[in-house]
Amino acid sequence: MAIGSGLGAQIGIAPEVTYGTFVAPTKFIEFTKESIKQKKTTAQSAGLAAGRLVALSSRRVVTQREVQGSLEMEVTNKSMGLLLQALMGTTVTPVQQATTTAYLQTHVLADSAGKSLTIQRGVPMTTGTVADYSALGCKVTSAEFSCEVGGMLMSTWEVDGKTVDETQTLAAPSYPLMAPFHFGQMAVKVGSFGAEAALGGIRKVSVKIERGMAVDRFYAGASGLKAEPISNELVKITGSLEADFTASTLADLFNTDAATSLVWEFVGDVIEGAQNYTWRMALPAIHIDDEPPSVEGPEIVRTTFSFTGLYGGTNPNQIEYKSTDVTV
């Protein structure tokens, strides 16, 4: 029997072959909070009958079902590939680094058609029984990453899904030994693409990638369930850099509105040889949106520069992930 509280909860994920068709979980992720739930749309008959004061229960119907919610977790040095692939869209095959046990995943931003997940939630009852709620057809519609002084690299994943299946067998979880990326491993670089230089004074970074999708594809003949969402907006990349005013680099970029390449990376422990666990986001063309800092008292001048990530025309927006995972 499991612990009858959130301590007994589990999340397992697997890539689907067909949108909305259950696949038993192959990876289990450590999470801090989740809210992935089924939503239903109901309709109630308003028919009048002589002397009836309350609508009939038998005349209430469920017309649509769908899944919405979010998943919050630390970004760890293993088992993140499936979520990154669902967010970024490219089908990724990890590449072995030389003859070491390190494998590099390069997630280039692309259309995410066909990238859906089964997310199996194990929710414990106080009795120790763990109820299965398998969310099918889960598309990652946005993800936000952030890290600040003294903290870990955190992530929040917004999910849209087709339905919840409660008839599946709850998979037995297994977790590899893994560690979170953290502030002590963080570096921020800006400059010309391929020649970015370390940026000083950075205290906090956050980046959000939003994928606009048509999530309302409900059609007749589908039992009130949606078809796979399709991209219907340009991808939005936004973020912020909180910094002490140690240099005018970001303020100057605001004034000129010139594009600069941003590399945000975490280099962790050694895997083997010269290969380290790594999480790296490369945004080749960001523009600073906020004005230069102002002095508000005797304290160190500190400000937050918001930015927008765009496409520079040559180099793609991407996330690199190096771990010992031989598969995504």
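## A first look at this protein chain

Residues 24 or more positions apart account for 71% of the contacts (heavy atoms within 4.5 Å) in the protein chain with a separation of 6 or more. This is a predicted model, where local features need pLDDT of at least 70, side-chain atom pairs count only at pLDDT 80 or more, and totals for chains, interfaces and linings use all residues. Residues are numbered from 1 along each chain as its sequence is written, and side-chain values use heavy atoms, with hydrogens and water left out.

**Overall build**
- You can find 2 helices and 21 strands in the protein chain; these are DSSP runs, with helices (H or I) of at least four residues and strands (E) of at least two, numbered from the N terminus.
- The C-alpha trace spans about 80 × 50 × 40 Å along its principal axes.

**Inside the protein**
- Of the 328 residues, 45% count as buried, meaning under 20% relative accessible area, while exposed means over 50% and partly exposed lies in between (1.4 Å probe, protein chains only).
- The largest nonpolar core has 59 residues, and W279 is among those with the most contacts inside it; such a core is a set of buried Ala, Val, Leu, Ile, Met, Phe, Trp, Tyr and Cys residues joined through side-chain atoms within 4.5 Å.
- Leaving aside neighbours within four places in sequence, W279 is in contact with residues including V75, F145, W264 and Y321.

- T126 sits in the loop between strand 8 (117–124) and strand 9 (130–148).
- T126 counts as exposed because its relative accessibility is 73%.
- From T126 to M80 is 46 residues in sequence and 30 Å in space, C-alpha to C-alpha.
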